[in-house]
Amino acid sequence: PQRREREERVSVCVSKMSGTEPPKTFSACVASTNPVKVNAAKQSLSQCFPSTEVTVIGHKIPSGVSDQPMTDAETKQGAINRAKSAMDAHPGHDLYFGIEGGIEEDADKIMHCFAYIVVLR
């Protein structure tokens, strides 16, 4: 896929339930111990919920795909697998993050680097 197509697929969505206050505390599980991924989740939650005490814990969870995904589909599947496996292995959190980075070569032999972030509740 072309870069523009990829950019159009990426969106960040924060929905707040009408009539409810943000939680006072929030717990999230990141399906990785990679500090970049854990800190990304923590920073995003802290920005979305500035008055909430946010706890983010990283756990080593396999992606079920190649160590370096080489296609869009494989990268997306890795993020989905991580989030679902974290939810099964570590119940009790408010959110589960599956973050997977991938690369893919286009028809012009240009390599594109991207990531999928799956958040489950």
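User: Which residue in β3 stands opposite A28?
Analyst: L95 stands opposite A28. Before going on: this is a predicted model, where local features need pLDDT of at least 70, side-chain atom pairs count only at pLDDT 80 or more, and totals for chains, interfaces and linings use all residues. Residues are numbered from 1 along each chain as its sequence is written, and side-chain values use heavy atoms, with hydrogens and water left out.

User: In what sense do β1 and β3 pair?
Analyst: Parallel, over three bridges. Strands count as paired if DSSP finds at least two bridges between them. Strands (E, at least two residues) and helices (H or I, at least four) are DSSP runs, numbered from the N terminus.

User: And what about β1 and β2?
Analyst: β1 and β2 (residues 53-58) also pair in the parallel sense, over six bridges. V30 has G58 of β2 opposite. Between β1 and β2 the chain passes through helix α2 (residues 35-48), and this β-α-β crossover is right-handed. Right-handed means that, with the strands pointing away from the viewer, the path from the first strand over the helix to the second runs clockwise.

User: How many residues of β1 are buried?
Analyst: Five of the six in residues 25-30, so β1 is largely enclosed by the rest of the structure. Buried means under 20% relative accessible area, exposed over 50%, and partly exposed in between, with a 1.4 Å probe and protein chains only.

User: What does β3 do with β4?
Analyst: β3 (residues 95-105) and β4 (residues 111-120) pair in the antiparallel sense over 10 bridges. F97 is opposite V119 in β4. The two strands form a hairpin with five residues between them, and K109 in the turn has a positive phi of about 65°.

User: Switching to α3. What span does it reach?
Analyst: α3 (residues 72-89) has 18 residues and reaches 26 Å from first C-alpha to last, close to the 26 Å expected. The expected span is 1.5 Å times one less than the number of residues.

User: Which α3 residues are buried?
Analyst: D72, T75, G78, A79, R82, A83 and A86. Down the axis of α3 they fall within an arc of 135°, so they line one face; the arc is taken from the directions from the helix axis to the C-beta atoms. On the other side, A73 and D88 are exposed.

User: Last one. How many disulfides?
Analyst: Zero in the whole structure, counting pairs of cysteine sulfur atoms within 2.5 Å. C29 is buried at 0% relative accessible area, and C48 is partly exposed at 25%.
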